[in-house]
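I open a new page for this chain. The entries below follow the order in which I looked things up.

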Amino acid sequence: IVFLLRGSFRRYPLLLLYCVLQLAATVSEEYVFRVHGQTNFFRRLYWTDEVTLDLVLFFMVITLIYRAVEGSPVRIAMGRLLGAVVAIVLVVPFVLFSARRFSTAWFNGTSQLLNFGAAIMNLGLWTALIGTKKRDPLLLTVSAGLGVAVTGAAIAYGLRRFTPPTSTPQQLANLFKTLTYLASVAIWCWAFRSAAKKNPAPPAPVGAPTVSS
């Protein structure tokens, strides 16, 4: 958040929103867990936070792909395609999964779908960025961190579906998800810290000298 606010938040508002929501979710979940324990309210809060954050990451991939094809003749068609993808992804969880809606199984499947879809589309983003003549190093690094985050989450959610609750394999899957999330944050911090160094704030204007009367 600090590195983004030093200048790059205007280019990446969704990433700033994601970081703020992640911080708020962590604080609220920790508070509820310490006060009420692992109740149904805590589980509902946790999964609501997870799906919301996954949606923000998914929309981030969409917007970065649309930015990557800026100036391309296929941008209009790509915009329509991305809009269709968003509509499909918002509808599919309510149709595809047979589990009771808004249950733990439903939330887990929805989060896995969002992250897996974002990981696949992030590969397309990288292909588009590498194929452009003027490559944006910052955008490449941001998409790399994004790819680590969504791919790690997709793998972890997939592993959790085939492991018993609270078992060691499931705890290892949770640990893997946490480590990939921390790795993505480290990549973003490195990227925006370097960007802030390259674009320091302009010096304050010097006032005109005063002449004593």
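Predicted model: local features only at pLDDT ≥ 70, side-chain atom pairs only at ≥ 80, totals over all residues.

Entry 1, a loop residue. I began at valine 74, which I found in the loop between α3 (40–68) and α4 (75–96). Helices here are DSSP runs of H or I with at least four residues, strands are runs of E with at least two, and both are numbered from the N terminus. Valine 74 counts as partly exposed because its relative accessibility is 44%; buried means under 20% relative accessible area, exposed over 50%, and partly exposed in between, with a 1.4 Å probe and protein chains only. I looked up its distance to leucine 64, 10 residues away along the chain, and the C-alpha atoms are separated by 15 Å.

Residues are numbered from 1 along each chain as its sequence is written, and side-chain values use heavy atoms, with hydrogens and water left out.

I listed 7 helices and 0 strands, in the pattern α-α-α-α-α-α-α along the sequence. The C-alpha atoms fill a box of roughly 80 × 50 × 25 Å along the principal axes. Of the 213 residues, 37% are buried. Among contacts (heavy atoms within 4.5 Å) between residues at least 6 apart in sequence, 67% join residues at least 24 apart.

Threonine 132 lies in the loop between α5 (104–131) and α6 (137–160). With a relative accessible area of 24%, threonine 132 is partly exposed. I also looked up serine 184, 52 residues from threonine 132 along the chain, and their C-alpha atoms are 24 Å apart.

Glutamine 22 has its place in helix α2. Its relative accessible area is 15%, so glutamine 22 is buried. Which residues is glutamine 22 in contact with, leaving aside its neighbours within four places in sequence? I found Leu53 and Tyr181.

Entry 6, aromatic rings. I counted 8 aromatic pairs in the structure. Rings of Phe, Tyr and Trp (its six-membered ring) pair if their centres lie within 6.5 Å; planes under 30 degrees apart count as stacked, over 60 as edge-to-face and the rest as tilted. Tyrosine 12 and phenylalanine 192 have ring centres 5.5 Å apart and planes at 70°, so their pair is edge-to-face. This pair links distant parts of the chain, 180 residues apart: tyrosine 12 is in the loop between α1 (2–8) and α2 (13–36), and phenylalanine 192 is in helix α7 (residues 168–198). Tyrosine 12 counts as buried because its relative accessibility is 3%, and phenylalanine 192 counts as buried at 2%.

I then turned to tryptophan 106 and phenylalanine 107, whose ring centres are 5.3 Å apart with planes at 75°, so this pair is edge-to-face. Both residues, tryptophan 106 and phenylalanine 107, are buried. Ring pairs join Tyr46, Trp47, Trp106, Phe107 and Tyr157 into a cluster.

I returned to tyrosine 12 and found the charged end of arginine 67 over its ring, 4.9 Å from the centre. A charge sits over a ring if NZ of Lys or CZ of Arg is within 6 Å of the ring centre and within 35 degrees of the ring normal.
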